[in-house]
Amino acid sequence: MMLNVEYLGVSYGGKAILRGVEFSLRAGQWLMVVGPNGAGKSTLIGAVSQGAPYTGRVLIDGKDARRMRPRDLAKRVGVLAQQHSVGYGFTAEEVVRMGRYAYSGGWPRASSAEDTAKTLDALEQAGLAAFRRQSVQTLSGGELQRVFLAQVWAQDPAILLLDEPSNHLDLLYQQQTFDRVQTWLRQPNRAVLSVVHDLSLALAYGTDALLLDCGKAVARGPVRDVLTRDALSRVYNMDVHGWMRRMLSQWD
């Protein structure tokens with residue numbers, strides 16, 4: 001297993017946000033974390049990436065993530081947050097190049113040929129080649145989201161943790177982003193865990209799913225075994241299947 005999460009718990013101010021969540025992630029899997037607002041989805045990303053205190057264990061390639069050096073963790077796990085705030089005038093290329101920090105002997109330093117190749121390739125993958133020399137302060141929310149996705153790709157991790165990767169993206173870039181992540185995943189020894197609200201995207205791209213409600217795992221397994229009509233109705237308190245079909249019928 002590339003990632004094992006064992007009895008994960010997170011509490012803030014005495015309130016339990018996650019309670020005893022367990023799952024694993026193997027090479028080639030794309031695990032979609034779904035559930036209503038307040039289910040603990042983004043908190044899960046924060047805990048697994050060591051950005052939030054937790055109880056239980058997170059194992060990366062069998063190693064306790066708490067004991068890993070940040071540089072070593074960054075070589076294995078890349079994280080795309082849901083929101084980004086920039087107060088600097090760096091270019092898109094400069095921000096993406098920061099993803100190479102884990103491979104440096106210190107900062108600042110001269111970029112290697114590999115750093116440049118990984119950076120330019122990541123910009124190309126994210127459809128940002130034309131923006132490489134543009135200040136990130138001039139970019140739209142969707143363009144900025146793609147810059148930080150490119151930064152994660154430049155980092156060259158084995159595991160991607162994506163918190164709403166389609167946030168701020170229009171329909172074309174949603175499709176392109178998910179297609180590109182899917183292509184990235186086809187390479188050996190890679191896995192993806194992503195939080196999504198759009199259940200159609202979860203079904204279209206996920207191999208597996210983890211359904212959360214009130215901080216607990218309601219179901220986990222192959223995506224179509226988890227996102228059943230009954231399970232979704234219980235968690236969302238509505239007929240999700242009926243609603244989705246009603247929305248799609250408008251396009252006939």
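**Entry 1: a pair of charges**

Which residue forms a salt bridge with aspartate 239? I looked it up, and arginine 229 is the partner, with the closest N and O atoms 2.7 Å apart. I used the rule that a salt bridge is a side-chain nitrogen of Lys or Arg within 4 Å of a carboxyl oxygen of Asp or Glu. The pair links distant parts of the chain, 10 residues apart: arginine 229 sits in helix H9 (229–236), and aspartate 239 in the loop between H9 and helix H10 (240–249). For helices (H or I, at least four residues) and strands (E, at least two) I took the DSSP runs, numbered from the N terminus.

I then checked accessibility, calling a residue buried under 20% relative accessible area, exposed over 50% and partly exposed in between (1.4 Å probe, protein chains only). Aspartate 239 counts as partly exposed at 34%, and arginine 229 is partly exposed at 41%.

A note to myself before going on: this is a predicted model, where local features need pLDDT of at least 70 and side-chain atom pairs count only at pLDDT 80 or more, while totals for chains, interfaces and linings use all residues. Residues are numbered from 1 along each chain as its sequence is written, and side-chain values use heavy atoms, with hydrogens and water left out.

Next I traced an open sheet of 4 strands, in the order E2-E1-E4-E5, with antiparallel pairing. Strand E2 (15–25) and strand E5 (63–64) are at the edges with a single partner strand each, so one side of each has no neighbour in the sheet. I counted two strands as paired if DSSP finds at least two bridges between them. Strand E1 (residues 3–12) and strand E4 (residues 55–60) run antiparallel and are joined by 5 bridges.

Glutamate 6 has arginine 57 in E4 as its bridge partner. Helix H1 (residues 41–48) packs on the sheet, where it touches E1, E2 and E4, and its direction makes about 115° with that of E1. Contact here means heavy atoms within 4.5 Å; axes are lines fitted to C-alpha atoms, for helices over the stretch in contact, and angles run from 0 to 180 degrees between N-to-C directions.

Glutamate 6 also forms a salt bridge with arginine 57, the closest N and O atoms being 3.0 Å apart. That pair reaches from strand E1 to strand E4, 51 residues apart. Glutamate 6 is partly exposed at 28% relative accessibility, and arginine 57 is partly exposed at 39%.

How many residues does H4 have? I found 13 in H4 (residues 113–125), and the helix reaches 18 Å from its first C-alpha to its last, close to the 18 Å expected at 1.5 Å a residue. The expected span is 1.5 Å times one less than the number of residues. Its buried residues are Asp115, Thr119, Ala122 and Leu123. They cover an arc of only 100° around the axis, which puts them on the same side of H4; the arc is that of the directions from the helix axis to the C-beta atoms. Helix H3 (92–97) and helix H5 (141–155) are among what covers them. On the face turned away from the buried side I see the exposed residues Ala113 and Glu124. Glycine 127 follows H4, with a positive phi near 70°.

In H6 (residues 171–185), the end C-alpha atoms are 21 Å apart, in agreement with the 21 Å that its 15 residues should span. I list Gln174, Thr177, Phe178, Val181, Trp184 and Leu185 as buried.

**Entry 2: cysteine 214**

Last, I found cysteine 214 in the loop between strand E9 (208–213) and strand E10 (216–222). Not counting residues up to four places away in sequence, cysteine 214 touches Arg19 and Ala39.
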